[in-house]
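Subject: Handing over the structure

Hi there,

Here is the structure I promised to pass on to you.

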Amino acid sequence: MSQLQPVRGTHDLIGDTARRHAHVVDTAREITRRYGYEEWSTPIFEDTRVFSRTLGDTSDVVTKEMYTFEDRGGDSLTLRPEGTAAICRAFVTNGLTQALPQRVFYNGPMFRYERPQKGRFRQFHQIGAELLGATDPLMDAETIAMAHAILKALGLGDAVTLEINTLGDLDSRQAWREALVAYFKAHESALSDESRARLEANPLRILDSKSPQDRALLENAPKFGAYLNEASRVFWDDLRRKLDLFGVGFVENPHIVRGLDYYSHTAFEFVTDRLGAQGTVLAGGRYEGLVAQMGGPATPAIGWAGGIERLALLIDAAPVQPRPVAVLPTSEATLAAAITAAQTLRNAGFAAEIETRSSLKKRMERVVKSGAAHMVLVGEDELARGAVTVRDLGKREQTEIALDALADHFLKAQ
């Protein structure tokens, strides 16, 4: 019988991989906390409408990539392909629409049926943030600055570049949309079959096409900058000024677009050249109509998401975890005291492992080879005096410590 393997497009988080993953999440959790964000956790599956309404019925995610199934009650459910829609659903469901702004951090697994490749999986993990009730460019700039701070804290400040663009307001986008439709209709015969279908349902989706024939047409398509109205230009200018105040460098990239109508004004990506084709490690933007699609009031917001797998590949290493203190009873008679010693250390915040396998000599050799910094020997003679022997394996020194002073000894040594 062949050995079972992880399902294609999934992977186990073990050892260094798990430590890197946890380091990304812990770093993002701490930085977002400093910016006043609260962590939310939503179910990994939702009513399919949460995603089909918001991602668009013609999007690749909905038509090709979602893991959708019918449960035993006949309801259509979908494993979440992204986090924003679920956060907006939770925002409405929990009656928080009048308590603005809401600053939300989340992390967890997402699911998309796509071709696995370096840094891209069918079950992948994201960190993300949503600022619900984002009223002005200052909030946009601060949200981007927070993402930048996370990347710097991970040691990636020099590895990534912030690229930004404006999508303008609804009036600007509508004027551009009409110009795009007219252009694509004039070249309809040159479009891919998929984009011809999108031309009727959601023409902005053509901008996301990967088809070479569509990409060639996009080179001469109407450029959004020509349709930006005055209010949108003021917002765009203010955003760039605020980013300067936060000390966040950027380059302007007019090719960053979003195919859904509820996106507006700010769009951004942090990109790198260290991961081949998978160059975007964190991306986001402002959106206006998503909460309303969930049944709530019109609520302006801005958010971003970052791929944990890609970020974990970029960081040099996760912080080294200190080895546990090894506690060795020398005989069955001292086991109870060894348990007491280990629990005392754990309660004081130290990692401790009780070693009882094989002879005392072999246990001591195994502890030394493991890289542990300290060993606590619980012997009968020392225990009769209410003490244990603490051996510093780095300094090759040992001392007798009262059992009830064991935690204090390690706390002072920190």
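Arg-122 lies over the face of Tyr-113, at 3.9 Å from the ring centre (a charge sits over a ring if NZ of Lys or CZ of Arg is within 6 Å of the ring centre and within 35 degrees of the ring normal). Before going further, please note that this is a predicted model, where local features need pLDDT of at least 70 and side-chain atom pairs count only at pLDDT 80 or more, while totals for chains, interfaces and linings use all residues. Residues are numbered from 1 along each chain as its sequence is written, and side-chain values use heavy atoms, with hydrogens and water left out.

The structure holds 6 aromatic pairs (rings of Phe, Tyr and Trp, the last by its six-membered ring, with centres within 6.5 Å; planes under 30 degrees apart count as stacked, over 60 as edge-to-face and the rest as tilted).

Strand β3 belongs to an open, antiparallel sheet of 3 strands, ordered β2-β4-β3 (two strands pair if DSSP finds at least two bridges between them). β2 (45–47) and β3 (67–70) each have a single partner strand, so one side of each is left without a neighbour in the sheet. β3 is joined to β4 (residues 76–79) by 4 bridges, and Tyr-67 has Leu-79 as its bridge partner in β4.

There is also an open sheet of 8 strands with mixed pairing, in the order β1-β5-β6-β11-β10-β9-β7-β8. Its edge strands are β1 (38–39) and β8 (251–252).

Is Glu-130 buried or exposed? At 0% relative accessibility, Glu-130 counts as buried. Its side chain makes a polar contact of 2.8 Å with that of Thr-84 (a pair of N or O atoms within 3.5 Å; within protein, one must be able to donate a hydrogen and the other to accept it, and residues adjacent in sequence count only if both atoms are side-chain atoms).

Best wishes

Technical notes: Helices (H or I, at least four residues) and strands (E, at least two) are DSSP runs, numbered from the N terminus. Buried means under 20% relative accessible area, exposed over 50%, partly exposed in between (1.4 Å probe, protein chains only).
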